[in-house]
Amino acid sequence: MPQHHDEGGRRLRRSQNRKTRRHVRVSCSEDTHFAANRRLFEGRIKNLSAGGTYIQSKAQFLVGQDIVVAGPFGNDRSEIKRRGKIVRLDANGFAVEFNF
């Protein structure tokens with residue numbers, strides 16, 4: 001039996017997720033480097049908030065993995081390293097929740 005995707009339901013979930021976020025998310029496209037498993041990787045920050053970031057990368061990781069991300073996290077957009085955990089994976093990259 002073919003599965004049907006409920007695009008309306010997906011839009012509703014995305015809308016609800018935006019309303020429940022604690023931090024404003026900003027779209028961007030910034031090159032970054034990050035460390036995980038004692039190795040250095042490169043990627044691109046696609047969105048950013050005070051609570052985390054989404055990084056586009058071909059590198060393979062696991063949910064729950066510790067990571068250190070260098071990015072424009074300072075108030076003046078200066079490069080700062082932030083520690084976090086990988087909380088979501090998809091075909092294009094991964095989401096990081098920063099440690100506080």
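Which residue forms a salt bridge with R88? Keep that in mind as you start the tour. The model on your screen is predicted.

**Stop one: R88**

Select R88, then look for D90. D90 is the salt-bridge partner, and the closest N and O atoms of the pair are 3.4 Å apart. That counts as a salt bridge because the cut-off is 4 Å. Now show the surface. R88 is partly exposed, at 41% relative accessibility. D90 is partly exposed too, at 36%.

**Stop two: D66 and K85**

Next, select D66 and K85. Their side chains meet in a salt bridge, with 2.5 Å from N to O. Colour the strands and trace the chain between the two residues. D66 sits in strand β4, residues 66-71. K85 sits in strand β5, residues 80-90. The pair is 19 residues apart and links distant parts of the chain. Check the surface again. D66 has a relative accessible area of 49%, so this residue is partly exposed. K85 is partly exposed as well, at 35%.

**Stop three: D31 and R44**

Now select D31 and R44. Here the side chains form a salt bridge of 2.7 Å, N to O. D31 belongs to strand β1 (residues 26-36) and R44 to strand β2 (residues 39-48), so the contact ties together parts 13 residues apart in sequence. Is D31 buried or exposed? D31 is exposed, with a relative accessible area of 57%. R44 is partly exposed, at 27%.

**Last look**

Show every pair together. How many salt bridges are there by this rule? The count comes to 3.

How values were computed
Residues numbered from 1 in each chain as written. Predicted model: local features only at pLDDT ≥ 70, side-chain atom pairs only at ≥ 80, totals over all residues. Heavy atoms only, no water. Helix = DSSP H or I, 4+ residues; strand = E, 2+ residues; numbered from the N terminus. Buried < 20%, exposed > 50% of the residue type's maximum accessible area, 1.4 Å probe, protein only.
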